[in-house]
Amino acid sequence: MIEENYTKERKIPMSDCIFCKIIAGEIPSATIYENDEFKVILDRFPSGEGHALILPKNHVPNVFEIDPAQAGRAYALAAKLASAMKEVLGFTDMNILQNNGPIAGQTVFHFHIHLIPRREGDGINVTWTPTEPTDEQIAAVQAKLTNLI
Ligand code: AMP
Ligand code: ZN
């Protein structure tokens, strides 16, 4: 099989990508929005009512490989949908998150943005333990990361 038929991430054949199958209509999904570039579906195992996923129709594994302009369009769509969903479903808050790589919690290696409505007492936990670096440690990281792009 030619290289283009594999995701770069862990050489998963694209034919095995569940989101590519959803986009191709080979497995069902609850689609809530679609245009030429993106399909937005309800998560099959949602955190709660309205948990949705924005999928690019082209296979791209993660944020490290997506065209930044496409990532921008995906986030513009997230912003539009977030406001519209809020009106209809009546929630007030939302997490928008996007996992890249297994350590970061990615389980489907096709870029996707999670839209996660938040409601008081919903029990959803998006958190980490804050650390307390010294000013020198902060400055050392700043020096490494400044002017990268
Ligand atoms: P992540 O862990 O960021 O890779 O998120 C993958 C998401 O895909 C999870 O929230 C799953 O619940 C969701 N998921 C897995 N299979 C399906 C499916 N067949 N249809 C819709 N969502 C799915
Ligand atoms: Zn895919």
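In strand E2, Lys39 is the bridge partner of Glu34. Strand E1 (residues 31-34) runs antiparallel to E2, and three bridges join them; two strands are taken to pair if DSSP finds at least two bridges between them. With three residues between them, E1 and E2 form a hairpin.

## Basis of the model

This is a predicted model, in which local features need pLDDT of at least 70 and side-chain atom pairs count only at pLDDT 80 or more, whereas totals for chains, interfaces and linings use all residues. Residues are numbered from 1 along each chain as its sequence is written, while chains are lettered from A and ligands numbered from 1 in the order in which they are written.

## Overall organisation

The chain has three helices and five strands, which follow the order α-β-β-β-α-β-β-α from the N terminus. Helices (H or I, at least four residues) and strands (E, at least two) are DSSP runs, numbered from the N terminus. Along the principal axes, the C-alpha atoms fill a box of roughly 55 × 45 × 25 Å.

Of the 149 residues in the chain, 20% are buried. Burial requires 20 or more other C-beta atoms within 10 Å of a residue's own; 12 or fewer make it exposed, and values in between partly exposed, with C-beta atoms placed from the backbone.

## The largest nonpolar core

The largest nonpolar core holds 18 residues, of which Val40, Leu53, Ile54, Leu55 and Leu115 touch the most other members. Two or more residues each come from helix H1 (18-23), strand E2 (38-42), strand E3 (52-56), helix H2 (68-89) and strand E5 (113-118). Such a core is a set of buried Ala, Val, Leu, Ile, Met, Phe, Trp, Tyr and Cys residues joined through C-beta atoms within 7 Å.

Leaving aside residues up to four places away in sequence, Leu115 touches His51, Ala52, Ala78, Leu81, Ala82, Met85, Met94 and Ile96. A contact means that two C-beta atoms, placed from the backbone, lie within 7 Å.

## The shell around ligand 1

Ligand 1 is surrounded by Ile18, Ser29, Ile41, Asp43, Arg44, Phe45, Asn99, Gly105, Gln106, Thr107 and Val108, a residue being near if its C-beta atom, placed from the backbone, lies within 6 Å. This shell divides into four nonpolar, five polar and two charged residues. Ala, Val, Leu, Ile, Met, Phe, Trp, Tyr, Cys and Pro count as nonpolar, Asp, Glu, Lys and Arg as charged, and the others, Gly among them, as polar.

## Helix H3 and Asn147

Zero of the eleven residues of H3 are buried, so this helix lies largely in the open. Asn147 is placed in the segment after helix H3 (135-145). Its phi is near 65 degrees, a positive value in a residue other than glycine. Asn147 is exposed, with 5 other C-beta atoms within 10 Å.
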